[in-house]
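Subject: Structure for your files

Hello,

Here is the structure I said I would pass on. My notes follow below it.

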Amino acid sequence: MVTSIATELINKGKYSRAYLGVAISDISAEMSSFYNDNFGALITSIEDNSPASKAGLKRGDLIISVNGKKIESASELKNNIGSHSPLRVVNVKFLRDKKIDIVNVTLDSLDKKSVSGELTYQGLKVVPLSSSYKQELGANINGVLVIEIEENSKSQTLNIKKGDIILQIENSEISTLDDFKRAIASQEKKRFFIYRRGSIFAVVL
């Protein structure tokens with residue numbers, strides 16, 4: 001991944017991250033029995049009109065390899081996809097109903113995700129925080145508003161809820177979707193500082 005990022009920075013002066021359009025998680029040994037004892041990256045949700053959606057991938061599919069490289073965890077899939085350039089066609093092998101299938105997926109650019117006015121990350125969906133909503137809260141705060149939480153996602157297990165406001169990620173204050181997008185660009189786990197009903201709490205996501 002570092003090599004591909006460095007090469008693109010040298011050649012183009014900027015780096016565009018490839019985008020598959022899925023929320024994913026690891027699976028337990030017990031769940032692995034539903035996938036012929038394989039491990040991989042379990043798709044927990046798929047964004048509309050995303051590369052994954054267009055290729056026919058579905059919630060419940062277990063991705064086990066990309067371009068012949070074995071995938072055994074969600075982080076391995078993130079790193080693999082992140083090492084490719086947007087518009088690259090990748091060969092995705094997955095399990096569905098205990099049967100192996102393969103599809104070619106044309107990756108897109110993560111930069112295009114903000115066009116719709118919302119972003120998703122680890123099962124949560126956020127939109128800009130409107131001035132009218134700030135007035136309703138009676139609080140002078142900046143952030144992005146959580147409008148949806150995917151069931152069984154990492155965000156749900158951490159008790160993040162619809163209506164929460166993400167104020168800060170690591171040391172970056174969040175005021176816009178672009179702030180949010182930049183803050184989630186790396187693969188490392190991050191501290192999220194969240195406002196709810198007059199209180200602020202932190203989670204690692």
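The largest cavity has a volume of about 30 Å³. A cavity here is a set of points, on a 1 Å grid over the protein atoms alone, where a 1.4 Å probe fits but cannot get out. Grid points are joined across faces, edges and corners, and the volume is the space filled by probe spheres set on the points. The count comes to 1 cavity of 30 Å³ or more.

This is a predicted model, in which local features need pLDDT of at least 70 and side-chain atom pairs count only at pLDDT 80 or more, while totals for chains, interfaces and linings use all residues. Residues are numbered from 1 along each chain as its sequence is written, and side-chain values use heavy atoms, with hydrogens and water left out.

The lining of the largest cavity is made up of Ala23, Ile24, Ser25, Thr44, Gln122, Gly123, Ser153 and Lys154; a lining residue has an atom within 4 Å of a point. Strand S2 (residues 22–25) gives the largest share of that lining, 3 residues. Strands (E, at least two residues) and helices (H or I, at least four) are DSSP runs, numbered from the N terminus. By type, the lining has 2 nonpolar, 5 polar and 1 charged. Nonpolar covers Ala, Val, Leu, Ile, Met, Phe, Trp, Tyr, Cys and Pro; charged covers Asp, Glu, Lys and Arg; the others, Gly among them, count as polar.

Salt bridges

The whole structure contains 9 salt bridges, each being a side-chain nitrogen of Lys or Arg within 4 Å of a carboxyl oxygen of Asp or Glu. One of them pairs lysine 125 with glutamate 118, with the closest N and O atoms 3.4 Å apart. Lysine 125 is buried at 19% relative accessible area, while glutamate 118 is partly exposed at 27%. The cut-offs are under 20% for buried, over 50% for exposed, and partly exposed in between (1.4 Å probe, protein chains only).

Lysine 125 also forms a salt bridge with glutamate 148, where the closest N and O atoms are 3.6 Å apart. Glutamate 148 sits in strand S11 (residues 144–149) and lysine 125 in strand S10 (residues 124–128), so this pair ties together parts that are 23 residues apart in sequence. Glutamate 148 is partly exposed, at 38% relative accessibility. Through shared partners, salt bridges join Glu118, Lys125 and Glu148 into one network.

Another salt bridge links the side chains of lysine 70 and glutamate 72 (3.4 Å, N to O). Lysine 70 is exposed at 55%, and glutamate 72 is partly exposed at 41%.

Two further residues

Arginine 88 is in the loop between helix H4 (74–82) and strand S6 (89–96) and is partly exposed, with a relative accessible area of 39%. Its side chain makes a polar contact with the side chain of histidine 84 (3.2 Å). A polar contact is a pair of N or O atoms within 3.5 Å; within protein, one must be able to donate a hydrogen and the other to accept it, and residues adjacent in sequence count only if both atoms are side-chain atoms. Leaving out residues up to four places away in sequence, arginine 88 touches Asn67, Val105, Thr106 and Leu107, where contact means heavy atoms within 4.5 Å. Arginine 88 and threonine 106 are 18 residues apart in sequence, and their C-alpha atoms are 5.7 Å apart.

Asparagine 80 belongs to helix H4 and is buried at 8% relative accessibility. With residues up to four places away in sequence again left out, asparagine 80 touches Val66, Lys69 and Ile71.

Regards

Key: On a 1 Å grid over the protein atoms alone, a cavity is a set of points where a 1.4 Å probe fits but cannot get out, and a pocket is an open set with protein on both sides within 12 Å along at least five of seven lines; lining residues have an atom within 4 Å of a point.
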